Amino acid sequence: MTPDTVVRATLEEVPGAIKDDASRIPPNMAAGPKHDEPIIQDFEQQSEPTIGDSVQIGSLLDSRLRMHSAVTISLEQEGPWHVAYCEDLNEFGYGTDPLSAVQDLRQTLAELYWELKSDRERLGQDLAQTWDRLSALIFEA
Amino acid sequence: MSIRARDFDRLVNKFGFQTRNSGDLLAWLEHDGQVVVRTKRSHIRGRDLPFQHVIRQQMKMTEEELSQALRCSLSRDGYIALLRNKGVL
């Protein structure tokens, strides 16, 4: 797997109509291929990610949510656990293999989005910054 | 320093985190009406939690502070003071 591989369920999940909001995305999150670039591998068809890979996820495990741009994650192993880590958001997913770790992170980011959204009026400054980054990255379909 | 599920649970209970079961156990701390810290742990029992250094970071603690907390020498008030000193509150 190449570092710029995008982990994405389907190309259709990330429409190319959100360019107006691109400036809201922090530079370190905007490094990945944009959703209007024709490079997307189908998540179900690509080879399974392996430890040491740096991959990008361009969709979440929530059909209500879309991503403006892919976010880079790293894959690591700790003992029996495979971990997918998103440094930009300081969030991780884990599983018994790399693919399940990535899936868990995709689920985690979706849950984080809904939780912070529901509490956004009363977030402390640190979590408010996380919400700013997350809401710049993710939008509701 | 290693953290297992029971250590995590003891810690978040002592510090007054609220918790909710999802795919993981989600934990968040509210102070003065604001949600100030959020973390999670897996439901893995009897083994070290994966990626616990990120859990520690999410709780805004150094290794030494976490060690103190697990030794029961850091109370909720102490933790709140710690968060305040770090500018989290």
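In the predicted model, the contact between the two chains draws 15 residues from chain A and 15 residues from chain B. On the chain A side, the elements that contribute two or more residues are β5 (81-86), β6 (91-95), α1 (98-118) and α2 (125-137). Of these, β5(A) gives the most, with 3 residues. By residue class, the side of chain A that touches chain B divides into 7 nonpolar, 3 polar and 5 charged residues. For the complex, the predictor gives an ipTM of 0.88 and a pTM of 0.77.

Confidence was examined for each chain. Chain B has a mean pLDDT of 90, and 99% of its residues reach 70 or more. For chain A the mean pLDDT is 75, with 65% of residues at 70 or more. Two segments of chain A stay under 50 in pLDDT. One of them is residues 1-6, for which the model has 20 contacts beyond four places in sequence. Another is residues 8-45, where pLDDT is likewise under 50 and the model has 60 contacts beyond four places in sequence.

Chain A contains 2 helices and 7 strands. Of the 141 residues of chain A, 36% count as buried. Among contacts in chain A with a separation of 6 or more, 58% are accounted for by residues 24 or more positions apart.

The strands β5(A) and β6(A), both of which contribute to the side of chain A that touches chain B, pair in the antiparallel sense over 5 bridges. Within this pairing, A:Val83 has A:Tyr94 of β6(A) as its bridge partner. The two strands form a hairpin with 4 residues between them, in which A:Asn90 takes a positive phi near 50°. In β6(A), 4 of the 5 residues are buried, so this strand is largely enclosed by the rest of the structure.

Helix α1 of chain A, another contributor to the contact with chain B, includes A:Val102. This residue counts as buried because 25 C-beta neighbours lie inside 10 Å, where 20 or more are required. A:Val102 and A:Gly58 are 44 residues apart along the chain, and their C-alpha atoms are separated by 11 Å.

Helix α2(A) has 13 residues and reaches 18 Å from its first C-alpha to its last, close to the 18 Å expected at 1.5 Å a residue. Its buried residues are A:Leu127, A:Thr130, A:Leu134 and A:Leu137. Seen down the helix axis, these buried residues fall within an arc of 80°, so they line one face of α2(A). A:Gln125 and A:Gln129, on the other side of the helix, are exposed. The packing partners of the buried residues of α2(A) come from both chains: in chain A they are β3 (65-67), β4 (71-78), α1 and β7 (138-140), and in chain B the partner is β3 (34-41).

A:Leu127, in helix α2 of chain A, is buried, with 23 other C-beta atoms within 10 Å. Apart from residues up to four places away in sequence, A:Leu127 touches A:Leu116, B:Val35, B:Val36 and B:Arg38. The C-alpha atoms of A:Leu127 and A:Pro98 are separated by 28 Å, and the two residues are 29 residues apart along the chain. A:Asp126, also found in helix α2 of chain A, has 19 C-beta neighbours inside 10 Å and therefore counts as partly exposed, the threshold for burial being 20 or more. From C-alpha to C-alpha, A:Asp126 lies 18 Å from A:Thr108, at a distance of 18 residues in sequence.

Conventions:
Residues numbered from 1 in each chain as written. Chains lettered and ligands numbered in written order. Predicted model: local features only at pLDDT ≥ 70, side-chain atom pairs only at ≥ 80, totals over all residues. Contact = placed C-beta atoms within 7 Å. Nonpolar A, V, L, I, M, F, W, Y, C, P; charged D, E, K, R; others polar. Buried ≥ 20, exposed ≤ 12 C-beta atoms within 10 Å, placed from the backbone. pLDDT = per-residue confidence, 0-100. Expected span 1.5 Å × (residues − 1). Arc of directions from axis to C-beta. Pairing = 2+ DSSP bridges.
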